[in-house]
Amino acid sequence: MVATPSEVMTIVAARMLREATVCFVGIGIPSKAANLARLTHAPNAVLIYESGTIGTRPSVLPLSIGDGELAMTADTVVSTSEVFSYWLQGGRVEVGFLGAAQVDRYANLNSTVIGNYKSPKVRLPGAGGAPEIAAQAKETLIIINHDRRKLVEKVDFITSAGYLDGGDSRERAGLKTGGPTAVITDLCVLRPESLTRELVVTQLHPGITRQMVAEATGWEVRFAEDLIETEVPSDVELSTLRELERQTILAHSNEAADRTPFIRTDPTEEVARP
Amino acid sequence: MSNLSSLPDAIRSHVHDGDCVALEGFTHLIPFAAGHEIIRQEKRALTLVRMTPDVIFDQMIGMGCAKRLVFSWGGNPGVGSLHRLRDAVEKNFPHPIEIDERSHAAMTVSYTAAAAGLPCGILRGFLGSDLAAHNPNIKFIDCPFTGERLAAVPAIRPDVAIIHAQRADRAGNVHLWGIVGVQKEIALAAKKVIVTVEQIVDDLNAPSNACVLPAWVVTAVCHVPGGAAPSYAHGYYDRDNSFYLAWDEVSRDRQNFQRWMRANVMDGMPINGDA
């Protein structure tokens, strides 16, 4: 089996999630990677979604952050205000898994606007939970497709702080947590250099050259001296990922086929869940 | 006295032009039917409040109900953009719209502050983010005890909060479960509360720690089965994911959108005399 670039990105992101880590998960590729980790090397990873579902173990990937599947398979479901205050701001989250429209050389994230804020060229969805995840999780992992419009010298708008202007500017701004530890793309992995905090390429995916990465990056990207090559995805990783995706498509297309909107189950049964 | 009412009556009596109106429900239990009734009654110049505007605010904005939008994530969940929201912000169509943009955490803090009767809420947030520089409703204060720099946002106290729930009893007590989002918070933050429900039952039989809104804090309860569709009601029906996907195409084009709204929401009624 040969993995596609997107599959490599998901698998590499999944590998970074340690067993039993408490992880705050965004929808999309972060959610896919976190669940892949849970189904492979990290069965006890605790996944928290901002819809208030804590310790959730979805059998298929949710299409939205508030899918019923997340609630039904969670250890507990709390209000949205509680998930942000007690669980995230309270310091319970070790890893935040984030995506964005743009990331810059100091790992700042933009999910707000392309162009000027007052009269934007493109109005993006906005912050959601990201600014506080970036500020309050002990570390963050960023997942993004690699191209020059996405990996830019400077983001048009800092929605979520990475290392700001580099150096110790994150600490000077009053941010107390570690910040982004890796940016995982479909070409490579970038990590912040220890003093400058500039993202440098530390790992190339199989078959990817330095030139390919340089051409797809919006700044003059540097490569670590001890640059390594990504381990080829194993058959287990790849088959687990593909099975998860297959089950997800199947479940969601069955839902559409079986759409009988007003069939009622016995609500008392739901309420009685411990 | 019972707070049971028809939905058109509740909207007519309690939602007025220029009001600040919050419709909450985090992906789950989104009060679509109530939003559609507001559109049909052609309410105007509303300040619309929702963490995730979702398709319901896309429709309300596209139909000209909104003057101002307070929100934190304005996408079509799992799909992409909200095209009517983008058209309003990027191209001022159908008219310019002011935005007050916060983060999810800041929105929840604004609601809990209002519910607790406080003028503002505080959180450890927005440090290093450009949002504070562009929104005068995000400020910083120093903790009087530790000196830590904290963000402050004003309480959001809507004229009316509208939510959808699974059940109410005949006295108008409301019970919801599953992903409960910020519904309790926004209900207690608002001056008036309208709740649409799937079912009216004789006895809620709610466990003692359940999310229950007693009848005396709810202004009106309306029996509207299916009132959250195409979002979902846990225990009643699933989210119509195919609708959310289809909305991308329907809403991309102004005329397409208008046609769809006429056929599916306005019930063939002309919009602003333009048949």
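How many helices and strands are there in chain A? Chain A has nine helices and 15 strands, where helices (H or I, at least four residues) and strands (E, at least two) are DSSP runs numbered from the N terminus.

Before we go on, a word on conventions. This is a predicted model, in which local features need pLDDT of at least 70, side-chain atom pairs count only at pLDDT 80 or more, and totals for chains, interfaces and linings use all residues. Residues are numbered from 1 along each chain as its sequence is written, while chains are lettered from A and ligands numbered from 1 in the order in which they are written.

**Chain A overall**

| Property of chain A | Value |
|---|---|
| C-alpha span along the principal axes | about 60 × 45 × 40 Å |
| Radius of gyration | 19 Å |
| Buried share of its 274 residues | 51% |

The radius of gyration (over C-alpha atoms) agrees with the value near 19 Å for a compact globule of 274 residues, by the rule of 2.2 Å times the number of residues to the power 0.38. A residue counts as buried if 20 or more other C-beta atoms, placed from the backbone, lie within 10 Å of its own. Helix 2 (residues 29-39) of chain A has nine of its eleven residues buried, so it is largely enclosed by the rest of the structure. Among those buried residues are Pro30(A), Lys32(A), Leu36(A) and Arg38(A).

**Where the chains meet**

Turning to the two chains together, 58 residues of chain B are in contact with 53 residues of chain A; contact means C-beta atoms, placed from the backbone, within 7 Å. Helix 5 of chain B supplies the largest share of the chain B side, five residues.

**The largest nonpolar core**

A nonpolar core is a set of buried Ala, Val, Leu, Ile, Met, Phe, Trp, Tyr and Cys residues joined through C-beta atoms within 7 Å. The largest one holds 165 residues, and the members touching the most others include Cys23(A), Phe97(A), Met60(B) and Ala161(B). Helix 5 (residues 104-115) of chain B gives the most to this core, eight residues. Domain 1 (4-100 + 158-264) and domain 2 (104-154) of chain B, with bounds from an automatic or database domain assignment, both give residues to this core, so it lies between them. Beyond its neighbours within four places in sequence, Ala161(B) is in contact with residues including Ala22(B), Glu24(B) and Ile186(B).

**Helix 8 of chain B**

Asn241(B), Tyr244(B), Trp247(B) and Ser251(B) are the buried residues of helix 8 of chain B. They fall within an arc of 95 degrees seen down the helix axis, so they line one face of the helix; the arc is that of the directions from the axis to the C-beta atoms.

Methods
Buried ≥ 20, exposed ≤ 12 C-beta atoms within 10 Å, placed from the backbone.
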